[in-house]
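Please read the numbered points below with the model open beside you.

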Amino acid sequence: MKYANNTEHELPCDLKVNGVFIKNIPFGEFKKNWHVPRPEATEYTPETVGWAKYWNARVMVDLNAGNNTVELTATSEKGGPHIDNIAVSTAIREPPAPVIHVKDHGAVGDGSTDNTEAIANAIAACPSGGSVVFDEGIYMTGSVTLKADVTLWVSENAVIRAVKDNDKIQTYPEGSFQGEYITRYFLFGNEVDNLTITGGGTIDLNTTERIPGRANTRRPAILGWANSKNVRVTNVDLIQGDFWAFVPQKSDHVIIDGINLFNINKDGITPIDCHDISITNSVISSGDDAMCPKSYDPSKGIDKLVVKNLTINYTKWKGFKYGGSTKGDFTNSIIEDVAMVHTHSGLALYAMSGCNVTNIKFNRIKMNNVQTPFFIVRDAAASTDTPGMRDIHISNFEVRNVYGQEGSSIQGTERDGEVYPIRNIYLTNVSVKDFKGGLKTVPGTPQEFPGRYPETTVFGNFPAWGYFIRHAENVVFHHVTHSVAPADARQDVVLEDVVSFEEVK
């Protein structure tokens, strides 16, 4: 159940399923990260922004085949929380046997004892197919090295928390990429096929302050793995990260479901060079890009990424950034049922470094308070004959309160007389109310994409308050509506070097 609670107390409710009492759910207050909205926000204040921050409350319950009745009844005079949606996931109810309890190997969940060695011993003692169980308690530890064919069961009231000792956070060479961009992890595994992390508890890197600056090899991720198959992360919270929070790499058949991710520093979920990866029924709060698939391996890329029922809470930068690093291709993916509140670019879609971005579908997405809804760019690194960026479907979008004046971008690139177009871009049932206007004069044609890291700032304000479309072939707008406030000197749509633009109202 995704809920919002902007109070300073719990808003408990009784849960009944098919008339049977299951449990009382506390529905606690949201973890406070940035209390004050950006000054550009047009709808939120420090008093109201918390009602746009959601969290998952998870309950294990047996359901009947067919229809079920779910009842929530507030049990305090303060009432209940805001409920956004109730999703049903398939999860294991108890840890698979044989079960190895970390306490039986000397671990103490008292919030102060260093359990690094005890946890390592418990994992080493767990046979293939078994479970390493963290019972209720707070287990302080250095890095935890994961293992194949094991379930890491973090119980509902259990916390795995990093010790405040950088020397206890390990460097994992297998987890590095792009010149050792990240080498340190709190939890990490290499070649950990058939790994499951679940149980309802919390994994806490214990970084409670915002850390300025860019990446360095000392800043760890909360959780990651590499070169693995059949990995599942469900029903856990990942909190208080230092840098990129959650980094699956070079892995196939990955399921991420029902997680809460709270990271006041840098990115949320960053799949790198993964195939057949599903991310569902989850919540991300991040200090940088919330959802950020990347590729650093030209032979791998991202294929068959499925994202459904994702809520992005008030991230400081991009809501969904697809392709910030694009060495390999991005193909055959669908992203739908996403809600994001107060981001920079809502949807940033890039094709850089000669990669192909093809057959990507975005459906049923809502944005509120975004600097620009769409920023779609292809660079000039590949041949004009390659697919480049094509077959992009954007449908059933509702956007409110655009706070930047740039306008949105859909464009290829021209370099040295050669055009590198984007092709077959379809917008269907897309509504924006309102783009931000106010310009008294129309800006000139912006420069071609210069090839450096793609941000809207490299272009300035576009000559359209809605959509600036350049170096494109076959762009179709079907039931695309938009408004602007205040009035603006620019047109809503401006085309430059566009072959076949169709607009159906």
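**Notes on the predicted model**

1. The buried residues of helix H1 pack against strand E7 (99-101), strand E9 (131-134), strand E10 (137-141) and strand E11 (144-145), where contact means heavy atoms within 4.5 Å. Buried means under 20% relative accessible area, exposed over 50% and partly exposed in between, with a 1.4 Å probe and protein chains only; helices (H or I, at least four residues) and strands (E, at least two) are DSSP runs, numbered from the N terminus.

2. This is a predicted model, in which local features need pLDDT of at least 70 and side-chain atom pairs count only at pLDDT 80 or more, while totals for chains, interfaces and linings use all residues. Residues are numbered from 1 along each chain as its sequence is written, and side-chain values use heavy atoms, leaving out hydrogens and water.

3. In H1 (residues 116-125), the buried residues are Ala 118, Ile 119, Ala 122 and Ile 123. They lie on the same side of H1 because they cover an arc of only 135° around the axis, taken from the directions from the helix axis to the C-beta atoms. The face turned away from that buried side carries the exposed residues Glu 117 and Ala 124.

4. An open sheet of three strands runs in the order E4-E1-E6, with antiparallel pairing; two strands pair if DSSP finds at least two bridges between them. Strand E4 (55-56) and strand E6 (82-85) stand at the edges with a single partner strand each, so one side of each has no neighbour in the sheet.

5. A search of the whole structure finds zero disulfides, a disulfide being a pair of cysteine sulfur atoms within 2.5 Å. For Cys 292, the nearest cysteine sulfur, that of Cys 274, is 13 Å away.
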